[in-house]
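Thanks for sending this one over. Here are my notes, in numbered points you can follow alongside the model.

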Amino acid sequence: MLTSRVGVAPRGALLLASYLVLLAAGAFGWVGLFAVAGLAAVLGEFAAARWSPATVTLLEKVGVSLVYRQLARDLSVVLLVAAHVPVTGVELTLLLLLPAAVWLIAVFAGAFNRMIDRRTADSALVRNIDLGRKRSAPRPPGWVAEAAGDRLPWTNVLLVPAAVVAVVAADVMPVFLAGAVAVGLAGVIGGIVAFTWLRGRGAGQSSPLPAVQQWLNSYRPEVALYFAGPAKDVYQANMWLAPIEAVGRHAVVLMRNRDAFLELADTRLPVVFVPAAPDFMNLDKSSIQVTLYAANVGPNIHMLREPGMKHVFVGHGDSDKAASVNPYSKVYDEVWVAGLAGRERYARAGVGVLDADIVEIGRPQLAGVHTFGSESVDRPFTVLYAPTWEGWLDDDPYHTSLMLMGERIVAALLATRPAVRLIYKPHPLTGTRSKQAKAVHQRIVERIRAAGGDVDAAGLDGPAHRVVTGRVPALFDCFNETDLLISDVSSVVSDFVQSQRPYVVANPAGLPEDEFRRTFPTSRAAYLLAADCGELEKIVAVTRAGDDPMTEARRELKTYLLGPAEANPMDRFAEEIGRLCR
């Protein structure tokens, strides 16, 4: 949300200003201002860390990290005391050495703590792999590990009030006492870390990395699914687990984010998590013939540097959004798309992906989606509302229908007579960037709950409305319970076309119909819904009656988006994997 982003900059500027004032007050001997600025800096750091991590991140990005801020604080103390308290040469030396000692301890404590991390079980985690019995290396207490390193100089914060007292009393002793306490605290923490490292050193090698390498050498995976994104994006990897399992070749999932590793869906595939770039790059992965990438993220470079394999971008769903033609895609050897629509999308975008490097494989994930008329159902007419998320751009209010139309859509569906059943399944990232989107989502959930709906129920059986925000039921399970989809310009639409059931695409920007369908080809067989949702009642009535004029258009669009009906996408996926493995 724009206002949220704007708020971060002033908070960061205020925190930075407190340090600048602290330095100036120390240099000119303005004791009162020094005390106020020091208090503001300390409280500001605590508040930013506790309630506004984005402020801390912003300061890091502009080069004013915590290290520099703490150095500025300690320098201001030395300036204030040295210039305005009578000190001898020996006292001046001690004034400089006390805060410096804390920094020296911090450097060594941080180094030892990193070495401890490298040799413990957290340097690699696995699923569905037997690495044998491993000894666990000793770890320092959590509060010690948290304090070691860059945060350890926080003990020098005691020097700030001590400096004020020293200037008022014209006596350097309060600073010496506070400095001694700071060094003592830092020494205790550093000593615990060093002692823990020494204990682990005598215990022998306990890192699982050698065992992981031995497993790779014996298992010799041919196919890898590489995912380095955060936990909130793990759905992007989840959608490829079943197709890769079905290929039947030796395959492995390689992950780099601990939380994403823990959130990965159930799978029979072996999974390896290695967070540190040096550890990951030092693993011998030479048996891998093809690596599949579900998302474009920076740490992909740690796998892309491997020259002996083919690197293939498979993405996490074809859509008409700009994310589906990211210029980063040209770094891969091949880009796999569902159908002709994906190939033409890259040609129109002109982002440097060669036509010869694009392969149409269909969507193997859709094998379980029932096509229109292939099954008999005994349930209420069901409408699935599956809006996309708010996107990365602050200035695009039309990326999703949720904020402008969501409540109106849900209210209209709940009021429809004869009654329909509503399934509301928002994008997994909904509300992660925009507070407005999050608030609208919460109001929709409460409205559905008030109408007797089940929130995050384990299944979809029964006549009640449903809110589905968890991993289960999956989106494709919802498809099989749906008679009419309402969504946005997203991969949800492309995938739903597999069912050949009617669907609605929201047009919150109010573009002319011809322009909208030309700009977003996935809407060619859709009913369009303007921001006022005035046509929604009529669309529900027409599709419910079975007198649907868009049936033939959907059949043609399915071929364009997902490939020929006679070509089994799972077979095509397996064939292309085999081609690259050969």
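1. A definition to begin with: two strands pair if DSSP finds at least two bridges between them. By that rule β9 and β13 are paired, since four parallel bridges link them. Please keep in mind throughout that this is a predicted model.

2. The pair belongs to a wider arrangement. Seven strands make an open sheet, ordered β11-β12-β10-β9-β13-β14-β15, with parallel pairing. At its edges are β11 (454-455) and β15 (527-530), each of which pairs on one side only.

3. Have a look at β9 itself, residues 382-386. Is this strand enclosed or open? Five of its five residues are buried, so the strand is largely enclosed by the rest of the structure. Thr 382, Leu 384 and Ala 386 point one way, while Val 383 and Tyr 385 point the other way.

4. Now for the partners of β9. Four bridges join it to β10 (residues 421-424), and the two strands run parallel. Tyr 385 has Tyr 424 as its bridge partner in β10. Toward β13, Leu 384 stands opposite Leu 485.

5. Asp 454 has Arg 466 of β12 as its bridge partner. The loop between β11 and β12 holds Asp 456, which has a positive phi of about 55° although it is not a glycine. Asp 456 is partly exposed, because its relative accessible area is 41% and the range for that term lies between 20% and 50%.

6. Gln 500 sits in the loop between α18 (491-496) and β14 (503-507), and it is buried, with a relative accessible area of 18%. There are cis peptide bonds as well: one from Arg 417 to Pro 418, with omega near -5°, and one joining Val 472 and Pro 473, with omega about -5°. Pro 418 lies in the loop between α15 (402-415) and β10, and Pro 473 in the loop between β12 and α17. For context, most residues other than glycine have a negative phi, and most peptide bonds are trans.

7. Asn 480 is in the loop between α17 (475-479) and β13 (484-487). Why does Asn 480 count as buried? Its relative accessibility is 14%, and buried means under 20%. Beyond its sequence neighbours up to four places away, Asn 480 touches Gly 368, Val 369, His 370, Arg 379 and Arg 501.

8. The largest nonpolar core has 35 residues, and those with the most contacts inside it include Trp 240, Met 255 and Phe 573. Helix α10 (235-247) is among the elements that supply at least two residues each, and α10 gives the most, with six. A second, separate core of 30 residues includes Leu 402, Met 405, Leu 536 and Met 550.

9. Finally, the surface. Val 21, Phe 28, Trp 30 and Leu 33 make a nonpolar patch of about 390 Å². Phe 28 lies in helix α1 (residues 2-28) and is exposed, with a relative accessible area of 55%.

Note on methods. Residues are numbered from 1 along each chain as its sequence is written. This is a predicted model: local features need pLDDT of at least 70, side-chain atom pairs count only at pLDDT 80 or more; totals for chains, interfaces and linings use all residues. Side-chain values use heavy atoms; hydrogens and water are left out. Patches are made of residues with over 30% relative accessible area and no salt bridge: like charges are joined within 9 Å, nonpolar side chains (Val, Leu, Ile, Met, Phe, Trp, Tyr) within 5 Å. Accessible areas come from the Shrake-Rupley method with a 1.4 Å probe; for residues, only the protein chains shown count as cover. A salt bridge is a side-chain nitrogen of Lys or Arg within 4 Å of a carboxyl oxygen of Asp or Glu. Buried means under 20% relative accessible area, exposed over 50%, partly exposed in between (1.4 Å probe, protein chains only). Contact means heavy atoms within 4.5 Å. A nonpolar core is a set of buried Ala, Val, Leu, Ile, Met, Phe, Trp, Tyr and Cys residues joined through side-chain atoms within 4.5 Å.
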